[in-house]
Amino acid sequence: MTDECQLFLSKRLVTETKIFDGGVLVDERGIIVDVLERNEAEKLITQSKGKLKVTDGGDWALIAGVVDSHVHVNEPGRTAWEGFRTATNAAAAGGITTIVDMPLNSIPPTTTLENLKTKVKSATGHVYVDVGFWGGVIVGNQDSLRDLVKAGVVGFKCFLCPSGVDEFPNVGAEDLELAFNALEGTGSVLAFHAELEDDCPDDKTTNKQDPEEYNTYLESRPPKMELNAISLITSFLERTDVRVHVVHVSSATVVPLLEKARASRLTKGHKAWRGGVTAETCHHYLTLSAKDVPRGHSEYKCAPPIRDADNKEMLWKCLLDDKLDLVVSDHSPCTPDLKCSNNLEAWGGISSVQFGLSLFWTQASTRGLDLRAISKYLSNGPANLCGLQNRKGALKKGLDADLVYFAPDETFVVKSDIIRHKNKLTPYIGKELKGVVKKTYVRGQLVFAKGDIVGEPKGKLLIGGLD
């Protein structure tokens with residue numbers, strides 16, 4: 001043990017398996033050396049003779065930093081919507097120590113090695129937490145995918161329906177065949193925005209209905225679109241070993257199809273985490289329901305849409321039955337002018353990266369869950385998805401000391417003046433949430449405390465192979 005080691009104490013230290021009175025010992029590199037019971041920690045303090053830097057959180061819980069694997073930073077190109085500095089500032093305030101940036105809605109999108117380099121250049125020196133990157137699969141870029149894997153992207157995302165931006169076109173079955181072939185044997189993951197129109201869709205009546213009413217939008221994207229998409233995705237699994245992941249599951253009706261696909265792969269001995277068939281849901285689907293959406297308030301609009309209260313409870317059941325694997329924000333902000341009162345025309349995306357931890361805990365605690373649920377679904381699950389499980393997502397020897405002191409019994413009200421992401425429009429304004437982030441550490445370095453960012457950006461870009 002060197003003089004530069006730190007010891008973080010808490011009466012409620014939260015690991016994957018238990019909650020106890022203890023401490024986390026961190027070395028000068030910001031790596032966890034050991035996780036200790038309180039008596040062991042006290043012995044260490046005595047032996048150090050005052051040379052060990054000790055931080056005692058008292059009754060505050062000490063949890064692994066959140067890994068949010070679904071964030072749209074939009075830089076470069078749409079920096080009026082968001083940017084690396086503001087997104088990671090908000091993340092740090094929300095107890096998130098790693099975000100993974102989606103390949104869109106930046107210009108250019110992260111679909112080639114050169115485009116990735118452009119994005120990395122924009123992010124360098126501007127991140128308060130660690131940042132990973134998704135690559136994108138679009139029509140015709142299959143020859144770029146292996147270069148992006150070598151460069152260190154965590155995986156790839158594609159759309160099975162229009163993405164909303166021209167530079168990121170959706171793919172069809174033929175494009176997926178090419179992408180799966182390119183990714184075979186790489187160990188990478190292909191993630192899907194899983195909505196797919198029927199070949200012969202029913203006559204839509206939404207153009208005759210009031211577009212300011214939320215149900216008009218909801219009816220335009222029925223659960224059948226998600227079921228169609230999952231059917232297409234699972235049709236490939238007999239002939240590929242590539243990991244697949246479904247982002248932002250909105251309809252609980254798709255979960256049995258995913259379970260069946262996972263079971264089939266596991267039976268055949270697939271070695272990847274969860275058999276290489278995984279799915280996430282989002283804080284808004286676990287918090288809100290259609291009846292909560294006021295007329296003309298498109299800050300609630302996202303795709304797939306927020307559905308009814310029964311569906312919300314089914315999603316919670318699927319999560320707690322280990323049929324869904326992780327919970328993320330899908331932070332997808334835009335400028336206020338794009339959030340008009342017409343739900344059919346407004347931009348679809350919810351801003352919430354700063355509040356995901358508290359949103360989850362507000363709901364989870366009312367369902368009798370303890371703090372281990374945070375580590376499982378918000379930290380460990382996303383880390384495993386992104387191949388970061390040997391660096392992030394748990395309080396465990398050898399991992400980065402990404403730590404959060406969290407006051408689980410305190411509450412706060414979301415107000416625009418506390419929001420740190422660039423555009424303040426969010427459906428959570430005025431809502432009381434449970435759980436307050438007190439301090440956030442990235443690799444043992446304090447980045448947020450006393451309600452504010454500490455110092456200059458200290459985050460790292462989780463990327464390599466760009467030479």
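**Exercise 1.** Find the bridge partner of Phe-156 in S11.

*Solution.* Start at Phe-156: its bridge partner in strand S11 is Leu-190. Next, widen the view: strand S10 (residues 156-159) and strand S11 (residues 189-193) run parallel and are joined by 4 bridges. Strands here are DSSP E runs of at least two residues, helices are H or I runs of at least four, and both are numbered from the N terminus. Two strands pair if DSSP finds at least two bridges between them.

A word on the model: it is predicted, with local features needing pLDDT of at least 70 and side-chain atom pairs pLDDT 80 or more, while totals for chains, interfaces and linings use all residues. Residues are numbered from 1 along each chain as its sequence is written, and side-chain values use heavy atoms, leaving out hydrogens and water.

**Exercise 2.** Describe how H7 and H8 are arranged.

*Solution.* Begin with the axes (lines fitted to C-alpha atoms over the stretch in contact, with angles from 0 to 180 degrees between N-to-C directions). Those of H7 (residues 223-235) and H8 (residues 255-267) come within 10 Å and cross at roughly 10°. The helices are therefore roughly parallel, a label for angles under 35 degrees. Finally, find the contact (heavy atoms within 4.5 Å): among its residues are Leu-227 of H7 and Ala-261 of H8.

Notes: Angles under 35 degrees count as roughly parallel, over 145 as roughly antiparallel, 65 to 115 as roughly perpendicular and the rest as oblique.
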